[in-house]
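Subject: Handing over a structure

Hello,

Here is the structure for you to pick up. Please look it over first, then read my notes below.

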Amino acid sequence: MTQTVAVLGTGKIGEALLSGMIRAGWRPAHLLVTARRAERAEELRARYGVETVTNADAAKRADTLILAVKPQDMGRLLDELAPHVTADRLVISAAAGIPTSFIEDRLTAGTPVVRVMPNTPVLVDEGMSVISGGSHATPEHLAHAEEIFGGVGKTLRVPESQQDAATALSGSGPAYFYYLVEAMTDAGILLGLPRAQAHDLIVQAAIGAAVMLRDSGEHPVKLREAVTSPAGTTISAIRELENHGVRAALIAALEAARDRSRELASGNG
């Protein structure tokens, strides 16, 4: 942790990474941040004790650059960084849909690039970050990315060819659960419960089920069957979900998300 790491574009995800690194033992003296607005830069400096710099200065001084900007801002950022990034730097991109080749083509030949797809639960240290190496990234570079993103949740290495699928499943995944909780809360209201009570019941059920899935090691079918009594309430509900094609709709939804990720990666945004 003696390397200098710069977080460029310190929005919500960038700030979550920054705070996670500090909690994991990184010294603020080894961290640089950039922000578009001066007041935002001052806020980060005051909150974390880190130095705020320009993008060009970060590229000159940092050993590792984490590009946490929006995908549509990546091209402009790379144009700004290119004159200052040498091939001994590690560039980590957390921008959705941007392939490593897009970044490699705009920087010094041989620059190692790692692509990471985090999801929003990194904000509460329960994120899932999917990591892929570019053509010049070594296992050491991937391990360094895991060290950084491991401070805000779990990490998983996949070939870059699987990043679009991972984006559909994990990157967008929290939104599907929020959608489901919203629908189930509405159902609770229809059944006569106050909104706050329905919300609390569903959220705790979701948390409990997730912890059981994670900690038990059991297949979800086995856990579901443990709740499903013969001729009981649960099987009646499951029958209706199957009758309405919920399983097929979920599969189709994730395929659509994967396809959209491919479109964004190819520049057809």
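Which residues have the most contacts inside the largest nonpolar core? They are Ile66, Ile92, Val114 and Ile148, in a core of 26 residues. A nonpolar core here is a set of buried Ala, Val, Leu, Ile, Met, Phe, Trp, Tyr and Cys residues joined through side-chain atoms within 4.5 Å. Buried means under 20% relative accessible area, exposed over 50%, and partly exposed in between, with a 1.4 Å probe and protein chains only.

Before the rest, two notes on the source. This is a predicted model, in which local features need pLDDT of at least 70 and side-chain atom pairs count only at pLDDT 80 or more, while totals for chains, interfaces and linings use all residues. Residues are numbered from 1 along each chain as its sequence is written, and side-chain values use heavy atoms, with hydrogens and water left out.

**Overall**

The protein has twelve helices and eight strands. Helices (H or I, at least four residues) and strands (E, at least two) are DSSP runs, numbered from the N terminus. The C-alpha atoms fill a box of roughly 70 × 40 × 30 Å along the principal axes. Of the 269 residues, 37% are buried. Take the contacts (heavy atoms within 4.5 Å). Among those between residues at least 6 apart in sequence, 62% join residues at least 24 apart.

A UniProt record, an unreviewed entry, annotates residues 4-97 as "domain: Pyrroline-5-carboxylate reductase catalytic N-terminal". UniProt positions follow the numbering used here, feature names are shortened, and annotations may be inferred rather than shown by experiment. Over residues 4-97 the chain is 40% helix and 19% strand. The end C-alpha atoms of that stretch are 26 Å apart.

Eight strands form an open sheet with mixed pairing, in the order 3-2-1-4-5-6-7-8. Two strands pair if DSSP finds at least two bridges between them. Strand 3 (51-52) and strand 8 (153-157) are at the edges. Each has a single partner strand, so one side of each has no neighbour in the sheet.

Strand 1 (residues 5-8) pairs with strand 2 (residues 31-34) in the parallel sense, over four bridges. Val5 has Leu31 as its bridge partner in strand 2. Helix 1 (residues 12-23) packs on the sheet and touches strand 1, strand 2 and strand 4. Its direction makes about 165° with that of strand 2. Helix 7 (residues 163-171) also packs on the sheet, touching strand 6 (113-117) and strand 7 (127-133). The direction of helix 7 makes about 175° with that of strand 7. Axes are lines fitted to C-alpha atoms, for helices over the stretch in contact, and angles run from 0 to 180 degrees between N-to-C directions.

Strand 2 has both faces covered. Leu31 and Val33 lie on one side, Leu32 and Thr34 on the other, and all are buried.

**The cores**

Back to the core of 26 residues. Elements giving two or more residues to this core are strand 1, helix 1, strand 2, helix 2 (38-48), strand 5 (90-93), strand 6 and helix 6 (139-149). Ile66 touches Val5, Leu17, Ile92 and Ile148, among others. Another core, of 21 residues, lies apart from it; Leu32, Ala59, Leu67 and Ile103 are among its residues.

- Thr64 lies in strand 4 (residues 64-67). At 0% relative accessibility, Thr64 counts as buried. Its side chain joins that of His144 in a polar contact of 3.1 Å. A polar contact is a pair of N or O atoms within 3.5 Å; within protein, one must be able to donate a hydrogen and the other to accept it, and residues adjacent in sequence count only if both atoms are side-chain atoms.
- Arg115 is in strand 6. Its relative accessible area is 5%, so Arg115 is buried. The side chains of Arg115 and Glu160 make a polar contact (3.1 Å). These two residues are 45 apart along the chain, and their C-alpha atoms are separated by 7.9 Å.
- Ser170 is in helix 7. With a relative accessible area of 14%, Ser170 is buried. Ser170 touches residues including Asn119, Met128 and Val130.

Best wishes

Notes
Lists of a residue's contacts leave out its neighbours within four places in sequence.
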